[in-house]
Amino acid sequence: MRITVLGATGFVGAAVVGRLAQEGARVRAVARRVPETDTRVEWVAADVTDPASLRGLCDDSDVLLHLACYIGPDEERCQAVNVRGTHAVVAEACRAGVGRLVLLSTSAVYGTGPHRGIEVGEVDPEPVSAVSRSRLAAEEPVLAAGGVVLRPGLILGAGDRWVLPAVQDAVRRVPALWDGGRGLLSLVDVDDLARLIARIATVPAAQALAPGVYHAGHPRPVPSGEWIAAMAARGLVEQPVRDWPLDRCLAELRGRPGGVTERQFRLFAQDHWYRSDAVWRAAGVHPGPGPLSVP
């Protein structure tokens, strides 16, 4: 099988390419800027906002993993990359006759919680940001083409440039256990997610995942207090010694300057847990001990 991976130099994409290369898969890795030193895979330069650059990208490929996205605040860029770019990618995959299409989306499409242990389809998506709106819209052409959509929660691990800095900012501005540290969160380590995606990509056709949407966090939800304690043990944040109710936490957040918004803080402090057992079971992959066990 040949597997084409878009977004191959991104946080998740790099982990997936590394995993596939380690397993000896035939990989065509696609990025806007390709590394000059990585010879484990075939590298191709392309940009999802330039449909002409995608021509031939999926030729001779059995699987397309679309892991590229834009997560900044520019709404037009969100539309160009995440929506129109995905439509162009899917069109090229269909033209080339790719048999398996997988899109990495996000559980942020559900919007503001709390959400406690929901299954796919139990809550209607209500995205509240330009990024999540565009990523939900990007799911439509993939599902229409019979593809698989993965919605992980917060992704942790080496190479993360958003979650850890955001949590550090939140702990600095709200130095307490947030509402007792009880909020249950869907977390996943990037290497565990890469194992899952690699398995979905490489199984024989008879074992392929059924088309549709899957939650892709670790099956065990993590209380926010347990997560903060794990980071404190590694010297990444200060361990809080106070316990403030949510209203006090939000008041403190508003009173101290920083980058994390109230909406983002609620993602960390309140229940945002999406049941993910089904995808690991269907893919035949053990999820491992969980993201907090990774050094």
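Reader: Where is Ser107 found?

Author: Happy to start there. Helices (H or I, at least four residues) and strands (E, at least two) are DSSP runs numbered from the N terminus. By that naming, Ser107 is found in the loop between E5 and strand E6 (115–118).

Reader: How should I read those numbers, and what is the model based on?

Author: This is a predicted model, where local features need pLDDT of at least 70 and side-chain atom pairs count only at pLDDT 80 or more, while totals for chains, interfaces and linings use all residues. Residues are numbered from 1 along each chain as its sequence is written, and side-chain values use heavy atoms, with hydrogens and water left out.

Reader: Is Ser107 buried or exposed?

Author: Buried means under 20% relative accessible area, exposed over 50%, and partly exposed in between (1.4 Å probe, protein chains only). Ser107 has 6% relative accessibility, so it counts as buried.

Reader: Which residues does Ser107 touch?

Author: Contact means heavy atoms within 4.5 Å. Leaving out residues up to four places away in sequence, Ser107 touches Arg151, Pro152, Gly153 and Tyr274.

Reader: Which residues line the largest cavity?

Author: On a 1 Å grid over the protein atoms alone, a cavity is a set of points where a 1.4 Å probe fits but cannot get out, and lining residues have an atom within 4 Å of a point. About 50 Å³ of space lies in the largest cavity, a volume being the space filled by probe spheres set on points joined across faces, edges and corners. Helix H3 (75–96), strand E5 (100–104) and helix H4 (130–144) each supply at least two lining residues. The lining is made of Ala68, Cys69, Asn82, Thr86, Leu103, Leu104, Ser105, Arg135 and Ala138.

Reader: How many disulfides are there?

Author: A disulfide is a covalent bond between the sulfur atoms of two cysteines. The rule here is a pair of cysteine sulfur atoms within 2.5 Å. By this rule the count comes to 0 disulfides.

Reader: Which cysteine sulfur is nearest to that of Cys69?

Author: Cys69 is in no disulfide. At 36% relative accessibility, Cys69 counts as partly exposed. The nearest cysteine sulfur is 9.0 Å away, and it belongs to Cys78.

Terms used
On a 1 Å grid over the protein atoms alone, a cavity is a set of points where a 1.4 Å probe fits but cannot get out, and a pocket is an open set with protein on both sides within 12 Å along at least five of seven lines; lining residues have an atom within 4 Å of a point.
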